Structure formats: structure tokens, C-alpha cells
Amino acid sequence: MNATPDLALVVPNDERHIRDSVLQELIVSAFELFDPRTPMDAFMDSVAMRLGCAAVFALNFRGDHLELLSAAGLSTNSRKLPLPTCAEFRDGVYPWPEVRRDDLDVWDFDLSDRAMIQSGDEVHLVLFIPRAANISPLYRGLLERLCRIICSALHHRRLFATVLKNEEELFATKSLYLCIANGSSDGMIFQPIDGPPLCNRRFLDIAGMSAQPQNADQLSSHLVSLIEAPRDLLARMARQTFLATARAHLSEKSEPPRDHQGIELLFHDGREFLFFCLPVTSPEGVRFGHCWYLREVTAQNRARRERLSLLTQEREARAISEKARLRLSFLTDAGQILLSSLDLEQLLQNIVRHCLPTLADVCAIDLFDQGEERHVVAAVAGDPPSWVDLNGFTISLDAEAGPGHVMATGTTELWPNLRASDLERFTKDDNVRQLLASLGLTSAIYVPLLARGRCIGVMTLGATTSGRVYGEDDRLLAEDLGMRVAMAVDNARLFRRSEKAIELRDNFLSSASHELRTPITAFRLATLGLCRLVESGRLTRADMPMLRDALDTARRQSARLERLVHRLLDTSRLDTHRVPPQPEPLDLAYVMEEVLHDFREEIRAAGAEIVLDLKPTPGRWDRSFIEQIFTNLLTNALKFAGTRPIEISVAPDGDWARLIVRDHGIGIPKGDQERIFERFERAVSPKDYSGFGIGLTIVRDLLQAMGGRVHVDSDSGQGATFTVELPREC
Amino acid sequence: MNAPTPKNQTILLVEDDYDIRAMLVMLLDMEGYHVVRATNGREALTLLEEGLRPHLILLDLMMPVMNGWQFREETLNVPEFASIPVIVISGDGRSAAQNMADHVACFLKKPLELDRLLSKIDEFALPV
């Protein structure tokens with residue numbers, strides 16, 4: 001402030017010189033305003049000092065709000081004083097004691113440029129100059145010129161400040177994003193449109209890299225070296241394609257895969273990652289590049305796998321228990337069906353129906369054990385099931401596989417996948433093979449039906465259109481069912497047999513009763529007649545024929561009774577061990593004549609004609625056996641011949657002897673010819689013909705004991721020819 | 001022996017056994033009945049169809065050609081024959097009893113009690 005009086009003292013030439021020097025000094029000082037980091041105060045102090053001001057203010061009039069940008073000549077306390085409003089300042093109401101003086105001139109310079117005005121700012125440089133300083137008005141012009149420089153400086157100061165602020169903010173943003181990128185749990189490779197790929201810290205950790213890759217090739221090679229090749233071929237191909245695309249993208253900047261969900265990569269160390277790519281784009285749509293993500297999914301996958309495994313286990317357990325329940329209920333139902341009937345045919349049909357379609361698409365039960373009537377029931381699933389007639393088809397027991405083999409070995413066969421070529425092994429019979437092929441079986445189980453240690457048949461369970469494939473479980477179920485079926489079949493057969501036995505016994509008792517009562521009746525009537533004649537006491541010669549007849553009848557009937565009793569005893573002996581034949585030299589023709597002689601009265605009573613052709617036939621046989629054979633055949637012929645002739649021939653035939661007894665009676669239907677040789681079996685009703693039903697059984701057994709045989713040739717209404725063949729030496 | 005008192009009643013005897021037939025004929029003859037013989041149901045039916053009208057039929061059951069059951073069934077179809085009383089004589093009690101009892105006058109089991117047979121014939125035979 002001391003300089004101000006100096007200015008007043010200088011001469012005009014000097015004054016001009018001084019002014020220039022003041023201007024230069026202030027201009028230099030104003031340059032400092034360019035830098036927003038240095039305060040404006042130094043410049044203000046220069047102005048105040050050079051021009052001898054009491055105070056200098058840089059003020060921003062912002063609306064009515066006054067902002068003190070900088071000041072010179074104010075005490076520390078004054079600077080803390082509340083600022084006046086813009087209006088108060090313009091009216092000269094100042095809070096600062098330094099300028100509340102009357103001897104001060106106020107020079108106010110507007111420093112605003114267009115930019116300031118636009119932003120609502122109005123910056124003024126206000127100088128409070130003591131009048132006593134007597135500043136030349138020329139300084140005002142000097143200051144006006146200076147103000148243009150200050151204005152420019154302030155403008156640049158503000159721009160510079162903005163730049164600095166932006167730079168600072170950019171740095172902060174960059175740091176923030178780096179922190180975010182490095183803090184991410186995903187490994188990231190940023191592939192900018194230009195420049196090498198950039199990895200975040202997590203990626204480097206995952207990949208086990210200590211520094212950023214030098215180039216894209218190194219990065220992709222390193223990545224591939226970490227990955228396990230998938231076992232599944234399709235997965236391996238998909239992975240290769242994806243990795244090739246990724247490599248091309250990273251190295252050659254080709255297009256990355258689009259709309260791809262990414263692929264899962266399994267690292268050698270067991271970690272699993274999801275590898276995918278997303279474009280990096282600004283909100284305005286500017287594409288900066290792509291980012292590859294490597295997201296670890298080891299834990300999720302493990303959890304998912306565990307969940308899946310648990311779920312599968314639970315499902316399996318549920319399926320097993322459901323299957324067990326169904327099997328049990330199936331077997332229970334089957335058991336009830338098997339118990340519901342003793343009729344074999346009905347029983348088999350019911351059980352076959354029960355198996356369809358629960359257990360099979362095709363089900364067949366074939367009972368064909370030796371010595372039993374064959375029963376075969378088969379059906380194909382449907383509503384209702386369609387029955388297949390298999391009676392014309394036989395199963396060969398010497399087959400190497402299939403039902404015949406099962407029957408022969410008694411072991412189950414399970415064919416999960418049955419091929420047409422397998423059928424070749426089942427049978428040599430083309431018809432059977434065609435039938436099997438026509439069913440179109442794709443899977444099958446053949447179960448033996450085992451009862452009391454014997455295989456009585458085979459049950460077939462087959463799959464066709466349902467596509468079911470039989471397994472071990474089905475085999476167990478089928479065997480269980482087979483066991484039950486076999487037991488039920490056995491029961492039904494035993495029941496049928498016992499029924500038959502009861503029927504035969506009843507018939508036998510009925511016949512035996514009739515056979516015995518007839519001679520007894522005749523005998524009694526004869527003796528009664530005799531008694532009457534004798535009791536009358538008036539017998540005359542004329543009564544003699546009657547008397548003789550009665551006596552003759554009594555004699556004959558007693559003989560008949562004796563024979564009957566013998567035969568009954570034979571019957572009871574049938575089962576017991578027979579005495580072996582005791583051969584002696586015999587002539588069959590002679591024995592036949594003897595028997596015929598014994599029968600002469602029966603023959604007369606029957607009114608039959610006997611036509612004989614007896615040739616001497618010597619040999620060695622048991623006499624009583626031969627007599628019994630002849631007697632039975634003759635009785636039989638007499639019973640059925642009626643009054644028609646009976647032809648009997650006896651003749652030798654080499655080492656054999658042949659006896660033929662032919663009648664022209666009612667004959668025997670073909671179907672009954674086997675049966676009549678069985679005990680108590682008869683081809684006729686006991687109501688029509690008497691007899692025990694044992695005669696032919698005795699004939700057969702006695703012949704067998706001597707190495708001979710008998711067969712019958714007959715048909716209904718055609719008479720019957722019994723041919724006996726005996727070796728000459730028994 | 002003196003000739004019996006003729007009863008003027010005819011009995012049709014249907015029996016296949018020769019001796020029983022012969023003895024019954026002798027005994028019934030001794031009692032004064034006129035006996036006509038048939039060896040089975042067919043023969044007996046033929047006799048009836050030819051006009052024979054006995055006062056009683058003695059019927060065996062188990063016979064060849066046509067048995068007693070069949071014969072009875074045939075005669076029941078013809079009212080004229082059905083009205084002739086039938087006494088069944090059979091050795092087989094059980095089967096005879098079945099479904100025959102309603103259609104015959106009486107059932108006698110072999111061997112026959114003569115007195116009982118005669119009293120039944122006397123009881124059921126149609127009057128002269």
C-alpha cells in the first residue's frame with residue numbers, strides 16, 4: 001500500500017512507464033489464475049498492492065446469492081463474516097469493517113464471459129480504492145484490459161478444474177471397476193475389440209497363472225491344457241467345437257459364439273466350470289468387446305448330482321416296493337383263482353386270463369406229461385383275450401432250448417430278447433416254428449410246472465407288442481406262479497382221478513350186486529319150485545320134467561355162483577402179486593373144446609351159434625391161465641353177440657399161437673378200445689349189460705405174464721374181433 | 001301134482017336171465033297164472049304193440065337191447081300201456097330206486113321172496 005503515494009509523485013513519462021510495468025506485473029500474476037490448484041489470493045494481493053487498494057474482492061453474483069471467490073485486504077475475522085446478499089452489496093451495505101469507510105472509491109469490473117452467463121454466474125472484480133491515493137483514471141483503462149485477460153484466465157482455470165476433476169473421477173471409476181472385476185467370483189477374460197485379452201485376478205487364480213498372458217494363443221493353450229476330455233463322444237465333440245470357436249475368437253478376433261449357453265468344463269483337478277461368453281456393450285450400444293467367463297460350478301454340480309442320485313434312489317425304492325406290492329397282489333389273486341375250481345380246463349383258462357396283460361401279452365399252459373391227457377390252453381392279450389388252439393401242435397422233448405427243453409430238464413428258461421433265429425433251436429417242426437414266429441414274441445419265459453417231483457408241463461409267458469423285456473424279477477414271479485399252477489393242476493387231477501375211481505367203484509358194486517343176485521334168484525326160485533312140488537305130496541309122473549328142470553337149474557346156478565365167486569376173488573387179487581405161470585404141455589385147441597363144453601348151457605341159454613375153426617396148437621403154457629383167458633373172452637362174446645354167430649379159431653403161427661374170437665354184436669367205439677382193458681372199465685352202461693368190468697383186464701394181465709398180448713379190432717355196430725397172440729413157450 | 005286153480009290173469013315177464021325166467025314161469029304157472037315171456041324191453045314192447053294186454057308186468061331192469069328204465073319210459077308214453085301195473089324185480093337196489101319209484105306199482109329186490117312176490121302180484125294185478 002506504500003506504493004500508492006509513489007504513483008502520484010511520478011512524472012507523466014515515468015507514469016506511463018510505471019503503468020506499463022504495473023500492467024506487466026499484474027498480467028504475469030494473472031497467469032497463475034490458469035492453474036485451479038493455486039489460490040487466486042496471490043493475484044488479488046498483487047492487484048491490491050500495485051493499485052494501493054484498501055481491499056479487492058472477486059465475487060460471483062449468482063442470482064441473489066453472493067459468493068466470495070477471493071479477497072485481498074481482509075482480516076481473518078472479516079473473512080469469516082456472513083456475506084451480504086447481492087442487492088445489499090450493490091447498495092453499499094458491507095459487513096467488512098475494512099471497507100465501511102467513506103473515503104473509498106469502488107471500481108467494479110464485470111469478468112463474466114458467455115459461458116458464465118449461460119450457467120447463471122456473474123463474476124465481478126471489485127476494488128476499494130482510497131480517494132486519497134488519487135489513482136489516475138488511466139489505471140481504470142489498464143484494469144479493463146487486464147480484466148479481459150483475467151476473464152480468459154478464469155475461463156481456462158474453470159476448464160482446467162473440470163479436466164482435473166474428470167481425471168480424478170475417471171481414476172476412481174477405473175479403480176472401482178478393477179476392484180469389482182478382481183473381486184468377482186467368476187474368472188473373466190476381457191477381449192477388447194483392439195488389443196490383447198485381459199484377465200481378472202480370479203481367472204489367473206483358476207488357471208494357476210502368475211501374470212497376465214502375453215498373448216491370446218498362450219492363454220487359450222494354457223486353458224485347454226487344464227481341461228479333461230469328456231468320455232461321452234457327443235459331449236467331446238460339442239466341447240471341441242466350442243473351444244475352437246473360443247480360441248479363434250481370442251486369437252484371431254473372429255466372431256464369438258452367439259446365443260450360446262456355454263459349456264461345462266471339467267479340469268484335471270476335478271473342479272468344474274461353466275465357460276461362456278457375453279458381449280460388453282455400453283448403454284448407448286457401443287461394443288467394447290467380449291468377456292469370457294469361467295464360473296465354478298463344482299459345488300452346485302456335486303449338490304445337483306447328489307440330489308439327482310437321492311431322487312433316483314428314492315424313485316427306485318418306490319418302484320421296487322410298488323413292484324413287490326403288485327407281485328404279491330398278482331400272486332394272491334392267482335392263488336384265489338387256482339383255488340376257485342377243480343375243473344382242469346376252467347382252471348387253466350382262468351389263470352391264463354389272469355396273466356394277460358399284467359404279466360404277458362401271450363400266455364400258454366401246456367400239460368403233456370406221459371400217462372395223462374394233454375391239456376393245452378393259450379391266449380393272446382386283448383379284450384376279451386383271443387384263444388389260440390394249440391392242440392394240433394406237439395412239442396419235441398429233444399429240442400436244445402425252448403419249451404421242450406424246459407419240459408425235459410425241469411428248469412426255467414428266460415429269454416430277455418428273443419430273436420427269430422432262436423426259434424430254430426426250439427423245434428425241428430416247421431409248423432410249430434411258423435406258429436411261434438407268427439406270435440411275434442420279443443421276450444419270453446418258459447417255466448416248468450413241477451408237481452411232486454415231476455414236470456407235468458410248461459407255462460409260457462411272452463411279450464409281443466408291449467415291448468416288455470423280461471428280467472430276473474419276472475422269472476422269480478413266473479416260477480412262483482408256475483409252482484402254484486402245478487400244484488393246482490395236480491390237485492385237480494387227483495380230484496378227477498378220485499371221482500373216476502368212485503364212479504368205477506359204484507359201477508362195479510352195482511354190477512357185482514346184479515351178477516350175484518341173478519344166480520341166487522334163479523337158485524332160490526328153483527329150490528322154491530322144488531319145495532312146492534314136494535310139499536304138495538301129490539307128485540305125478542307128469543311132474544317129472546318140471547322136477548328135473550328145477551333140479552338142473554339149481555345145479556347150474558350153484559356152478560355159476562361158484563364161478564362168480566372165483567372171478568370176484570380174482571378181482572381182489574388183481575392188485576396183489578400174481579403167482580407166476582406154471583407151464584405144462586398143452587394143446588390150445590383141446591383146452592378151448594373143454595371150455596366150450598363147460599359153457600354149453602350158457603351158449604344154449606343165450607341162443608348163440610358158435611362157429612369153430614380149431615387147429616392143433618401144441619405148446620407149453622399155464623393151464624389155469626389159458627382157461628381163464630378163454631372163459632373171459634367167451635363170456636364177453638356171449639354177452640354182446642346176442643343170437644348172432646360167434647367165430648372162434650385157434651391156430652399155430654410159427655413160434656406163436658393165435659386165438660381169434662369174433663362176434664357180430666354191438667361193437668366197441670374206437671375211442672373206448674384202450675380203456676376196456678383197464679380194471680372196472682366198460683364200454684357199455686351197466687344198465688344194459690351185466691359184468692364186473694374186469695374180464696378183459698384179467699385176459700391182458702395173464703397174457704402179459706406169459707409174454708403174450710391181446711388186441712381188439714372193432715367199431716361201433718361192427719362186432720368185435722379179439723386177437724390173442726402167445727409165444728409157444730412161455 | 002294137480003292142475004292149479006286158473007286165475008285167468010296174464011302176466012308179462014320181462015327178464016333176460018334164462019333160468020330166472022324159466023323158474024318164475026314154472027312157479028307162476030303153478031299158481032295158476034298165464035305167463036308170457038320177453039327177454040328184454042324191446043321184445044316186451046313189441047308184444048304190447050301187437051295187442052297183448054297183460055294184467056301185470058314183472059320187469060327186470062338190467063337187460064341188453066332195451067333195459068327196464070327205457071321200457072318203462074316207452075310204456076308211460078302210451079296211456080293204454082301206462083295203465084298196466086308194473087312190479088320191478090332187480091338185484092340192484094340203489095339205482096333202481098332212483099326215479100323209478102313214482103312210475104311203478106312196487107319194487108322187489110332179488111333174490112325174490114316168493115310169498116311176497118305172489119301177494120304183490122295178487123295186490124296189483126288188474127282184475128279179470
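**View 1. Where chain A meets chain B.** In this predicted model, 32 residues of chain A are in contact with 25 residues of chain B, contact being a pair of C-beta atoms, placed from the backbone, that lie within 7 Å. Two elements give two or more residues to the chain A side: helix H16 (472-536) and helix H17 (544-573) of chain A. Helices here are DSSP runs (H or I, at least four residues) and strands are E runs of at least two, numbered from the N terminus. H16(A) gives the most to this side, with 16 residues. Sorted by class, the chain A side has 12 nonpolar, 11 polar and 9 charged residues. Ala, Val, Leu, Ile, Met, Phe, Trp, Tyr, Cys and Pro count as nonpolar, Asp, Glu, Lys and Arg as charged, and the others, Gly among them, as polar.

A word on conventions: residues are numbered from 1 along each chain as its sequence is written, and chains are lettered from A and ligands numbered from 1 in the order in which they are written. As this is a predicted model, local features need pLDDT of at least 70 and side-chain atom pairs count only at pLDDT 80 or more, while totals for chains, interfaces and linings use all residues.

**View 2. The largest nonpolar core.** This core has 51 residues, and those with the most contacts inside it are Cys363(A), Val485(A) and Val489(A). A nonpolar core is a set of buried Ala, Val, Leu, Ile, Met, Phe, Trp, Tyr and Cys residues joined through C-beta atoms within 7 Å. H16(A) gives the most to this core, with 8 residues. Apart from it lies another core, of 43 residues, among them Ala550(A), Leu24(B), Leu61(B) and Ala125(B).

**View 3. Helix H18 against helix H20 in chain A.** The axes of H18(A) (residues 588-598) and H20(A) (residues 623-641) come within 10 Å and cross at roughly 55°; axes are lines fitted to C-alpha atoms, for helices over the stretch in contact, and angles run from 0 to 180 degrees between N-to-C directions. That makes H18(A) oblique to H20(A), the word for angles that are not under 35 degrees (roughly parallel), over 145 (roughly antiparallel) or 65 to 115 (roughly perpendicular). Residues making the contact include Leu588(A) and Val591(A) of H18(A), with Ile626(A) and Phe630(A) of H20(A).

**View 4. Pro64 of chain B.** Pro64(B) sits in the loop between strand E3 (56-60) and helix H3 (68-77) of chain B. Pro64(B) is buried, with 20 other C-beta atoms within 10 Å; buried means 20 or more such atoms, exposed 12 or fewer, and partly exposed in between, with C-beta atoms placed from the backbone.

Technical notes:
Two residues are in contact if their C-beta atoms, placed from the backbone, lie within 7 Å.
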